[in-house]
Amino acid sequence: MLSDSEATELLSFLTPSTRPDVKGRATEYILGLSGNRDGCRFLRSKPDLIVALFALISDPSIAIAKDCYHIIINLSADETLHQVLVTDIKIVPVLLKKLLDPEHMFSDQISTILSNLTRHQKTCKTVFKVLQEEVGLAQLVEVFCNECYNKNAKLHYLGALLSNLTQLPEARSYIMDKDRCVIQRLLPFTQYQASVVRRGGVIGTLHNCCFDHAHHDWLLSDNVDILPFLLLPLAGPEDLSEEENEGLPVDLQYLPEDKQREEDPDIRKMLLETLLLLTATKSGRKTLKEKNAYPILREFHRWEKDPHVTAACEKLVQVLIGDEPEEGMENLMEVEIPEDVEKKLKEADAKEEEELEKEQERRKQEEEEEERKKSSDAKLTDREQESGLIK
Amino acid sequence: MAQSDSDDGMDEFMDKFKTQRYKNAFCENNWEKEFDKVPMFMKTAPEEFKPQEYPELACLQAIVHDEDRPPEEQAKSLKDEGNAYFKEKNYQKAILSYTAGLKKNCGDQDLSAVLLTNRAASHFHLGNMRSALHDAAAAKKIKPDHLKALIRGAQCCVELRNFSEAIQWCDEGLKAHPTDKKLQEIRAAADKHKRAAERDARKAKVKGKKLQSEKEALLAAIKSRGIKLLQSGTPHQHGSDSDGEDERSSAAIAQLSLDGLSSQEVTGAQVFLDEQGSLHWPVLFLYPEHQQSDFISAFCENNCFTDHLAVMFSELPPWDTDRKYLPQNLQLYFEDEETETLYQVDPETSLLNTLQHQRFFIKAGSPSFIVLVNGSSFWKQFLSGKKIK
């Protein structure tokens, strides 16, 4: 690593008035440093450097500003840097202000930084507090939901930011404010084809929100109507009869032949887990049964190949077609699980995971076998062709 | 001291009452009518009135509409006037008042926004949605956070079934008034309508597709049997060689839309494909002797004519005065219009076989057959001078 004197020299190159080519080299070098963990830890020990770099995000040279943003992105990915960035240097208010500027060129980079900073609960809490003071979550949601807000940035990572923020109950209660229209704006994005990040962020947000079962009735009511938006990505171009169609929620009726299902298996799993959360209460189970979630899931189960996702689907289907639990156990989230039962359940879960892993390995091996066979077949025909030629 | 002076004539005036009767008092039979003339007691303003009959009202109106008053005051009075008409549900008059108020151009933005919004409400209640929307938009332009204008605009969009725009209006409104219940309510309703409309579009598309594939299956079935359809209105070209004929007939099938199949019969019956893959045709039987006809709405192609004729003539029809149309006496023909040739049909053959005849062209989607009584004088007459095959 750099010596103290070298670091000081480097610092001197990072002033706004330095010649651009010298500045550029310095930032480039630091970008390289920030690319690995040791480099990040070193920079952590030299907060002056970070302060200088942070100031340079406003540099007139786009290349330099961009490099500085990328350095901060790298730093923010390392949790040990969070204290320095958020509490000591206080980068968040500045970044938020720029984020709101519809002309700003680096809003995507800002979104990524903020998303990194909110991954872990401790810093997330601090960031949320600053966010509420400076900008307010409602405004963030508005910016996010307005696709044309900033022509220089897509702001998809704000979805990830929202998802991270909702690990906090205070953020969740804000998003699920019954007196405002916040969560409703997010719902259409569960189908957003153009970005898996945005889609995943929104679905992650909804998933976290569904942990609060007190809100389930409201979420499932017409005021929000979360259910169709969770089922749509799982529904395919099934040719259902007119009768079956009429029994589905409006958004799921008469889907066209080119309807595609969600292509990311992790997101599919998350959707199923969210639906499972909604079955925790008796009324939630009732609603899902009444609104005919089952046929959608039945067809989905037939289509799904990934064993982890299939398992999640089966869990959900079991609740939907199973009997109601006995008196006192109706809210599955509030049931007291005795210790020995809990232990057994955990063991069963672990075993299931193991088997799923094995299953996945097996499938992977099968696929590789297929590939090898295909390529060896190809080789065979090549050889045949060659021998043919010689003849 | 002043009280004892009677310089002001007050005492004398008061004394008069002791001696003279009060004139122009209300009397039993006209007091209600008179009451209504006093502006203070009017329940509604008269539409048109003569100033002489209602002098006090005329006075008040003159004060209200006095051109010398500052424009803001005039505009405000007109607003109040409009509001009064609005309360009476006299929306036309309300609009006139608001319009007059806006014409004053008083420069008070708040007042203008209110006038426009109220006019929008009046239009709304008259069902003039576009005018209402226009006014609401104008109000919004002057005062972007004017809640009533935002609500009204959203409502107009919903009435005009422009649900996306309604949602946009609501979202604009919610920016300034995030907790407004009415806006949230309208937004939720508009969103619901929008999604229902999207479903309806999908449904129509699916149904259209289904209909289309059924159509195609039907035409394919007809074509595969080698049955030829005559496109209604297509002029016959006189092709001489058989190749030309085949080309023409397959062209007729190729370009055929279902219109070529729709029967011109009043019943509107049409050929269809049943679940076993058999075609059922609407068939016309003509009896030129008596200018009569019979219509079988669904003649299965696998049935033969005798089956139907036996049923149709199990009881002799009323127009058969000679009582000669017995099933065993009947002869069937079809006409090739182009060559003006009659082809005899063996009643024992199936419809399908007959339709597959090289010279059989189905006109207007409904095969027709001529029925004659063998050996009758009409039969002789009809067949003489015709080419028969």
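In helix α10 of chain A, residues A:L137, A:L140, A:V141, A:V143 and A:F144 meet A:L158, A:G159, A:L161, A:L162 and A:L165 of helix α11 in chain A; contact here means heavy atoms within 4.5 Å. By class, this contact of α10(A) with α11(A) has 9 nonpolar residues, 1 polar residue and no charged ones. Nonpolar covers Ala, Val, Leu, Ile, Met, Phe, Trp, Tyr, Cys and Pro, charged covers Asp, Glu, Lys and Arg, and the others, Gly among them, count as polar. Helix α10 spans residues 137–145 of chain A and α11 spans residues 157–165; they pack at an angle of about 145°, with axes 10 Å apart. The axes are lines fitted to C-alpha atoms, for helices over the stretch in contact, and angles run from 0 to 180 degrees between N-to-C directions. The crossing of α10(A) and α11(A) is left-handed, that is, the near helix is turned anticlockwise from the far one by less than a right angle. Helices (H or I, at least four residues) and strands (E, at least two) are DSSP runs, numbered from the N terminus.

The model is predicted: local features need pLDDT of at least 70, side-chain atom pairs count only at pLDDT 80 or more, and totals for chains, interfaces and linings use all residues. Residues are numbered from 1 along each chain as its sequence is written, chains are lettered from A and ligands numbered from 1 in the order in which they are written, and side-chain values use heavy atoms, with hydrogens and water left out.

Buried means under 20% relative accessible area, exposed over 50%, and partly exposed in between (1.4 Å probe, protein chains only). Leaving aside residues up to four places away in sequence, A:I91 touches A:F54, A:I72, A:L85, A:V86, A:I113 and A:L117.

In one of them, A:R172 pairs with A:D212, the closest N and O atoms being 2.9 Å apart. A:R172 lies in helix α12 of chain A and A:D212 in the loop between α14 and α15 of chain A, so the pair ties together parts that are 40 residues apart in sequence. A:R172 is buried at 12% relative accessible area, and A:D212 is buried at 18%.

A:D222 and B:K192 also form a salt bridge (2.9 Å, N to O). A:D222 is in the loop between α15 and α16 of chain A and B:K192 is in helix α10 of chain B, so this pair joins two chains. A:D222 is partly exposed, at 49% relative accessibility, and B:K192 is partly exposed at 47%.

Within chain B, B:D336 bridges to B:R359, with the closest N and O atoms 2.4 Å apart. B:D336 and B:R359 are both buried.

Chain B has 14 helices and 9 strands, and buried residues make up 38% of its 389 residues.

Key: A salt bridge is a side-chain nitrogen of Lys or Arg within 4 Å of a carboxyl oxygen of Asp or Glu.
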